[in-house]
Amino acid sequence: MYCGFCGKELDEGVLICPECGARAKNDINYCTNCGGLRKNKKKKACVFCKNSFNSN
């Protein structure tokens, strides 16, 4: 799992990213499944792994 705000790889079950302090499940800037950069915020799924983004 990856932080959706800063992209740091996280251990499973972590709720808050130790690197940036953001909620671990947000997917604002990075995919929480693969860590891929989310360049287009309008896309509903990751272009790398096809994981669906949360509704923001």
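## A walk around the model

By the rule used here (a side-chain nitrogen of Lys or Arg within 4 Å of a carboxyl oxygen of Asp or Glu), the count comes to one salt bridge. Before you click on anything, note that this is a predicted model, where local features need pLDDT of at least 70 and side-chain atom pairs count only at pLDDT 80 or more, while totals for chains, interfaces and linings use all residues. Residues are numbered from 1 along each chain as its sequence is written, and side-chain values use heavy atoms, with hydrogens and water left out.

**Stop one: the salt bridge.** Select Asp27 and Arg38; their closest N and O atoms are 3.4 Å apart. Buried or exposed, this Asp27 and Arg38? Both Asp27 and Arg38 are buried (buried is under 20% relative accessible area, exposed over 50%, partly exposed in between, with a 1.4 Å probe and protein chains only). Side chains of opposite charge can pair when their charged atoms come close.

**Stop two: the whole chain.** Zoom out and switch to cartoon: the protein has zero helices and zero strands (DSSP runs, H or I of at least four residues for helices, E of at least two for strands). Even so, its radius of gyration is 10 Å, close to the 10 Å that the globule rule gives for 56 residues, so the protein is as compact as a globular protein of that length (taken over C-alpha atoms, the rule being 2.2 Å times the number of residues to the power 0.38). The C-alpha atoms fill a box of roughly 25 × 20 × 15 Å along the principal axes. Buried residues make up 30% of the 56.

**Stop four: the core.** Now pick Met1, Cys3, Leu10, Cys17, Ala22 and Ala24, the largest nonpolar core (buried Ala, Val, Leu, Ile, Met, Phe, Trp, Tyr and Cys residues joined through side-chain atoms within 4.5 Å). Centre on Ala22: leaving aside residues up to four places away in sequence, Ala22 touches Cys3, Phe5, Leu15, Ile16 and Cys17 (contact means heavy atoms within 4.5 Å).

**Stop five: Arg23.** Arg23 is exposed, at 54% relative accessible area.

**Last stop: Lys50.** Check the backbone here: Lys50 has a positive phi of about 70° although it is not a glycine. Lys50 counts as exposed, at 61% relative accessibility.
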